[in-house]
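Try each task before reading its solution.

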Amino acid sequence: AALSEEPKFCLSEVLDSFKTCLTENKEIIIDQYVAGWRGLTRFMNSLGTIFSFISKDAVDKIQIMVKHRNDVNGPRYVTVQSMVKYELDNGLVDLTKRSSFPESGCRTLLRLHRALRWLELFLERLRTSAEDSKTSVMCSEAYNESLAQFHPWLIRKAAGMAFCALPGRSTFFEVMNVGTPEQVVVMLGDALPLISEVYQLTEDLYLKHKLLDIP
Ligand code: 1PW
C-alpha cells in the first residue's frame, strides 16, 4: 500500500534540491544536497535492480550524512563550509589513512562530490544528445571521465554492466517525468549551471583544505 502512496518521481524536483542548496554567500546546505542525492538514488532504483547496486553506496553515504545532522553536533553540519571547519578544527578527519574516523563528514561528502561530477557530465551529454544517441554510451563516457579513476577494476566492471542495462533515450526521458523531450532539455539547461557551481565550490573548498584525497 505504501508503494502507491509514494509521490510520483519527477527529476526536475530532484535537480531543484541541488539548485536550492546554494545560499546567497555561496555556502552549500547539506540537507538540500543530501535531499538531491536521495531523489537521485530513488531515480536510479526506478531504473531497475541492476542500478540498485550502484545506488546502494550512495544510500549508505546519505545515511552517514543524515546521522551527522541528527547528532548533538548537527548544527555544525548545516553547510559544507561549517562541516569542513568543524571537523578540521577538531581533528575529526583521517587525512592520510583510514583509522579513527572512517565516517567523517568530509570523507563521506567527498564520495558524493566525486559522483556529482559524473552526474553533471552525464546530464550534459543527455542535454545535447541526438535522438538516436545511446544513454549507455553517454553514461559510461561520463563515468570514465570522472568517477572511474577512483574505483577499482571490479567496481568499474560492475558499473559498466549496469550502464548496458539503461533504457534508451526516449524511455529514459519518460522516466524523468518532466514532460516532452524538449522540456527535458530546457530543464537540464536550467539545472546544470547550478549543479556545476555546487560542484566547483566544493572542489575549490576541498582543494584549499587539501581534502581531495581523503582515503
Ligand atoms: C543514472 C544516474 C547517474 C548518477 C550516478 C551516481 C551514483 C554514484 C554511485 C557509484 C557507486 C559505485 C559503487 C560504490 C563504490 C564505492 O566504493 C565508492 N563510492 C562512490 C560513491 O564512488 C567509494 O566509497 P568508499 O568505498 O571509499 O566508501
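**Exercise 1.** In which helix is the place of T202? Then work out whether T202 is buried or exposed, and list what T202 touches.

*Solution.* Before starting, note that this is a predicted model, where local features need pLDDT of at least 70 and side-chain atom pairs count only at pLDDT 80 or more, while totals for chains, interfaces and linings use all residues. Residues are numbered from 1 along each chain as its sequence is written, and side-chain values use heavy atoms, with hydrogens and water left out.

Step 1: T202 belongs to helix α10. Helices here are DSSP runs (H or I, at least four residues), numbered from the N terminus.

Step 2: T202 counts as buried because its relative accessibility is 0%. The cut-offs are under 20% relative accessible area for buried, over 50% for exposed, and partly exposed in between (1.4 Å probe, protein chains only).

Step 3: skip residues up to four places away in sequence, and T202 touches I28, L109 and H113. Contact means heavy atoms within 4.5 Å.

**Exercise 2.** Which residues of helix α2 are buried, and which helices do they pack against?

*Solution.* Step 1: α2 covers residues 11–20, and its buried residues are L11, S12, V14, L15, S17 and F18.

Step 1: think about helix geometry. An α-helix has 3.6 residues a turn, so residues three or four places apart point the same way.

Step 2: look at the partners. The buried residues of α2 pack against α3 (30–46), α6 (105–128), α9 (169–176) and α10 (181–208).

**Exercise 3.** Where does the ligand sit, and which residues are closest?

*Solution.* Step 1: the ligand's place is the largest pocket. A pocket is an open set of points on a 1 Å grid over the protein atoms alone, where a 1.4 Å probe fits, with protein on both sides within 12 Å along at least five of seven lines. To sit there, a molecule needs more than half of its atoms within 2 Å of the grid points.

Step 1: α3, α4 (49–70) and α6 each give two or more residues to the shell around the ligand. The largest share, 6 residues, comes from α6.

Step 2: 14 residues surround the ligand, the closest being D57, K61, R107, R111 and H151. Being near takes a heavy atom within 4 Å.

Step 3: now the polar side-chain atoms. An N or O atom in the side chain of D57 is 2.7 Å from a nitrogen atom of the ligand. For R107, a polar side-chain atom lies 2.7 Å from a ligand oxygen, and for R111 the distance to a ligand oxygen is 3.0 Å. On its own the ligand exposes 700 Å², and the protein buries 87% of that. These areas come from the Shrake-Rupley method with a 1.4 Å probe.

Note on methods: A polar contact is a pair of N or O atoms within 3.5 Å; within protein, one must be able to donate a hydrogen and the other to accept it, and residues adjacent in sequence count only if both atoms are side-chain atoms. On a 1 Å grid over the protein atoms alone, a cavity is a set of points where a 1.4 Å probe fits but cannot get out, and a pocket is an open set with protein on both sides within 12 Å along at least five of seven lines; lining residues have an atom within 4 Å of a point.
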